[in-house]
Amino acid sequence: MPARRLSPSDDMSRPWVADTHLQGLTETFLRSARIAVIHAGDSRAPGAVLRPSTNFRPWKSYKAVAEDLAAALTRLGTRDVAVFAEDMMLPERLRRHGTDFAWLNTAGVQGAGCAGHAAAMMEMLGLAYLGHGPLMGALLDDKAVFKRQLIALGLPTAPALSWQPADGAFDWRTDPRFHHAFRNWEGSFVVKPVNGRASLHVHHVTRAAELAGAILDVFDATRNGVLVEGYLPGREFCAAVCGPAMRRNGQLYHGEAPFVFSCIERLLDAGETIFASMDSRPISRDRIRPLDPAKDAAVLDELTALARRVYRELSIETLVRLDVRAAADGRLFVLEANPKPDLKAPSPEATSIIAEGLAASGMDYDDLVFSLMADRLATGLSGLRGDRQHLAALAGL
Ligand SMILES: Nc1ncnc2c1ncn2[C@@H]1O[C@H](COP(=O)(O)OP(=O)(O)OP(=O)(O)O)[C@@H](O)[C@H]1O
Ligand SMILES: [Mg+2]
């Protein structure tokens, strides 16, 4: 099969090769598997949990997106797709349904490390799933732990300090960790929750003297750890990155490097320092701009290389959306890698960052769903997740 180069935002150094074998296996798998798409259960619903506890991460059900994914799987040929809530009744629902494979579109119900709970349950049940492993899901969702990984790996990220109540009252003048982290810093700051989402409780703080108050505000709102970060005043970008499988125009391609796509700029209004929460302003087409392969070539190259490094160096196994912001001089710094990026299917009113950027790679929503499945199948069939036999049987091998 001849090697083909794709668009400039794809990897120019390594060709992508049509992979009809993996494509056929994925098609068979999708036709034969009973699939459950899982969204977050509501701890207040009757019988959902033994006892409602604390939500360190602002809760969201993600049910509408689970339904979008289920609809795409149905269009792709899966005959039996269920949508289930993650809660204590989930194992029984999976058993009754005879689920072969789960797609995790949940960040948890409640409690600590909740972004890893559904994956932990799947591991315990022995059910194959698409999603990060429990450790990776929880790690990526914790901005302080993720930050420490970035720093240890030498990946570019703004200086930061995490705070929790055991550290005692914060005083920037005397805190040695603050002076160490921000020793060469002349800019302003961001104070945000370690387990945040959708820009909730993110504050821009201009003076060090105001940090203590902002830290307490975030702590009061979340009862969880707080991250103080250097404020990056430049442009803001996102890039999706997943394993090296990608379908476009009905053909699956396989590459050597992680697939980086949906590279967009988040457009900030004049004076908007923090990108407004999608809870208050849905992602509309005037808030994001797909990067142009010609005009934005330099930033696309830098973003693509950065996304690949984060994916590979942290050993990430499936889709994340990397959020990146530029310093005043234009250099890019990683803000976070979202372990469960919004995969809302595009509609006339609203869209998701990832869905909106697909066209630049010649893909649509169903291509993305197929690609993620193909990549997961490839990982499973290589024996890396302990479910090779089960997946092979469903793929007709
Ligand atoms: N260090 C920083 N410098 C500049 N802006 C920042 C910084 N950290 C966060 N922000 C702003 O706050 C927004 C939200 O921050 P971040 O991406 O870290 O958390 P989040 O709430 O999980 O985001 P998301 O909306 O992607 O779920 C960013 O999109 C950005 O506009
Ligand atoms: Mg973000």
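Predicted model: local features only at pLDDT ≥ 70, side-chain atom pairs only at ≥ 80, totals over all residues.

Biologist: Okay, and where does leucine 22 sit?

Modeller: Leucine 22 is part of helix H1.

Biologist: Is leucine 22 buried or exposed?

Modeller: Leucine 22 has a relative accessibility of 6%. Buried means under 20%, so leucine 22 counts as buried.

Biologist: How many residues apart in sequence are leucine 22 and leucine 397?

Modeller: Leucine 22 and leucine 397 are 375 residues apart in sequence. In space, their C-alpha atoms are 11 Å apart.

Biologist: What about threonine 26, where is that one?

Modeller: Threonine 26 is in helix H1, which covers residues 20-32. Its relative accessibility is 0%, so threonine 26 counts as buried.

Biologist: And which residues does threonine 26 touch?

Modeller: Phe370, Met373, Ala374 and Leu377, again not counting residues up to four places away in sequence. Ala374 also turns up among the contacts of leucine 22.

Biologist: New topic: sheets. In what order do the strands of the open sheet come?

Modeller: The open sheet has four strands in the order E4-E3-E5-E6, with parallel pairing. Strands E4 (80-86) and E6 (128-130) are at the edges with a single partner strand each, so one side of each has no neighbour in the sheet. From one strand to the next, the twist averages 30 degrees.

Biologist: Which strands does helix H3 touch?

Modeller: Helix H3 (residues 90-97) packs on the sheet and touches strand E3 (34-40) and E4. The direction of H3 makes about 170 degrees with that of E4.

Biologist: And helix H4, what does that one touch?

Modeller: Helix H4, residues 117-125, packs on the sheet too, touching E4, E5 and E6. The direction of H4 makes about 170 degrees with that of E5.

Biologist: Now E8. How many residues of strand E8 are buried?

Modeller: Five of the five residues in E8 (residues 189-193) are buried, so the strand is largely enclosed by the rest of the structure. Phe189, Val191 and Pro193 point one way, while Val190 and Lys192 point the other way.

Biologist: What are the bridges from E8 like?

Modeller: E8 runs antiparallel to strand E9 (residues 203-205), and three bridges join them. Valine 190 is opposite histidine 204 in E9. E8 also pairs with strand E10 (residues 226-230) in the antiparallel sense, over five bridges. There, phenylalanine 189 is opposite glycine 230.

Biologist: Which residues cover the two faces of E10?

Modeller: Val226, Val228 and Gly230 are on one side, Leu227 and Glu229 are on the other, and all are buried. E10 also pairs with strand E7 (residues 160-163) through four bridges in the antiparallel sense. In that pairing, leucine 161 stands opposite valine 228.

Biologist: Switching to the ligands: which residues coordinate the magnesium ion?

Modeller: Asp323 (OD) and Glu336 (OE) coordinate the magnesium ion, ligand 2, at 1.9 to 2.0 Å. Aspartate 323 is in strand E16 (residues 320-326) and glutamate 336 in strand E17 (residues 332-338), so the pair ties together parts that are 13 residues apart in sequence.

Biologist: Are those two buried or exposed?

Modeller: Aspartate 323 counts as buried at 2% relative accessibility. Glutamate 336 is buried as well, with a relative accessible area of 14%.

Biologist: How many residues surround ligand 1?

Modeller: 22 residues do, and the closest are Lys192, Ser199, Glu229, Glu236 and Asp323.

Biologist: What polar side-chain atoms lie by an oxygen atom of ligand 1?

Modeller: One belongs to arginine 321, at 2.9 Å from a ligand 1 oxygen atom. Another, from aspartate 323, is 2.7 Å from an oxygen atom of ligand 1. In glutamate 236, a side-chain N or O atom is 2.4 Å from an oxygen atom of ligand 1.

How values were computed:
Residues numbered from 1 in each chain as written. Chains lettered and ligands numbered in written order. Heavy atoms only, no water. Pairing = 2+ DSSP bridges. Axes fitted to C-alpha atoms, helices over the stretch in contact; angles between N-to-C directions. Contact = heavy atoms within 4.5 Å. Donors = N, O, S within 2.8 Å, 3.2 Å for Na, K, Ca; no water. Buried < 20%, exposed > 50% of the residue type's maximum accessible area, 1.4 Å probe, protein only. Near = heavy atom within 4 Å. Polar contact = N/O pair within 3.5 Å; in protein donor to acceptor, adjacent residues only side chain to side chain.
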